[in-house]
Amino acid sequence: MSEKSLSTLQTRLEHSLARHGIPGAAIAVLYDGKLYEAAAGVTNIETGEQVTPDTLFPYGSVSKILTANIVVHLVGTGKVALDADVGLYVPEFAPACRPYPESITVRQLLSHSSGLIGTIFQDTGDGADKVARQVDLILQHPL
């Protein structure tokens, strides 16, 4: 990618937002060891706060499809079992409700039937461990 490609990335992002009526977005491409970023629009249509490459967006709805595809691939390779306890694969997974139920399965997490609260709208700050802090909050809530 070149500076011209970065300019094209920015232009395409802006046109895509306009075409689809999306208030704002950011995109990053890692190519040949170099990071290229573009951002456009607003994070909130009421406040008009501009999107930057550092803007954090809620990850839940975006990551569900990717996560499910990865897990299904792992099931297909025999590395994950849908009806196994999540703790088998993620030992630190410890909802506050334990020991009841005794098991929350991979299938239950994927189908949103585990009983865990789905989203907590609480700012957990910035940094690489932001998502881990959000997960910790979710695990503190009873089923």
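Colleague: Which residue forms a salt bridge with Asp83, and how far apart are the closest N and O atoms?

Modeller: Arg107 does, and the closest N and O atoms are 2.8 Å apart. Bear in mind that this is a predicted model.

Colleague: Where do Asp83 and Arg107 sit in the chain?

Modeller: They link distant parts of it, 24 residues apart. Asp83 is in the loop between α2 (60-76) and α3 (86-89). Arg107 is in helix α4.

Colleague: Why would two such side chains pair at all?

Modeller: Side chains of opposite charge can pair when their charged atoms come close.

Colleague: Is Asp83 buried or exposed?

Modeller: Asp83 counts as exposed because its relative accessible area is 56%, and the cut-off is over 50%. Arg107 has 41%, so Arg107 is partly exposed.

Colleague: How many salt bridges does the structure hold?

Modeller: One.

Colleague: OK, the inside now. Which residues make up the largest nonpolar core?

Modeller: Nine residues: Val71, Val80, Val86, Phe93, Ile104, Val106, Leu116, Ile138 and Leu139.

Colleague: What does Val106 touch?

Modeller: Leaving out residues up to four places away in sequence, Val106 touches Val71, Val80, Ala81, Leu82, Ala84, Val86 and Tyr89. There is also a second, separate core of seven residues. Leu17, Ala25, Tyr36 and Ala40 are among them.

Colleague: Change of topic. What pattern does the protein follow along the sequence?

Modeller: It reads α-β-β-α-α-α-α. That comes to five helices and two strands.

Colleague: What share of the protein is buried?

Modeller: Of the 143 residues, 21% are buried. The protein exposes about 10,200 Å², and carbon and sulfur atoms supply 58% of that area.

Colleague: What about Ser111, where is its place?

Modeller: Ser111 lies in the loop between α4 (106-110) and α5 (130-140). Its side chain makes a 2.8 Å polar contact with the side chain of Ser113. Ser111 is partly exposed, because its relative accessible area is 44%.

Colleague: And how far is Ser111 from Ala68?

Modeller: Their C-alpha atoms are separated by 9.4 Å. Along the chain, Ser111 and Ala68 are 43 residues apart.

Colleague: Last one, Glu14. Which helix is it in?

Modeller: Glu14 is in helix α1, residues 3-20. Its relative accessibility is 41%, so Glu14 counts as partly exposed. The C-alpha atoms of Glu14 and Gly41 are separated by 7.6 Å, though the two are 27 residues apart along the chain.

Methods:
Residues numbered from 1 in each chain as written. Predicted model: local features only at pLDDT ≥ 70, side-chain atom pairs only at ≥ 80, totals over all residues. Heavy atoms only, no water. Core = buried A, V, L, I, M, F, W, Y, C linked by side-chain atoms within 4.5 Å. Buried < 20%, exposed > 50% of the residue type's maximum accessible area, 1.4 Å probe, protein only. Contact = heavy atoms within 4.5 Å. Helix = DSSP H or I, 4+ residues; strand = E, 2+ residues; numbered from the N terminus. Areas by Shrake-Rupley, 256 points an atom, 1.4 Å probe, with all protein chains shown as cover. Polar contact = N/O pair within 3.5 Å; in protein donor to acceptor, adjacent residues only side chain to side chain. Salt bridge = Lys/Arg side-chain N within 4 Å of Asp/Glu carboxyl O.
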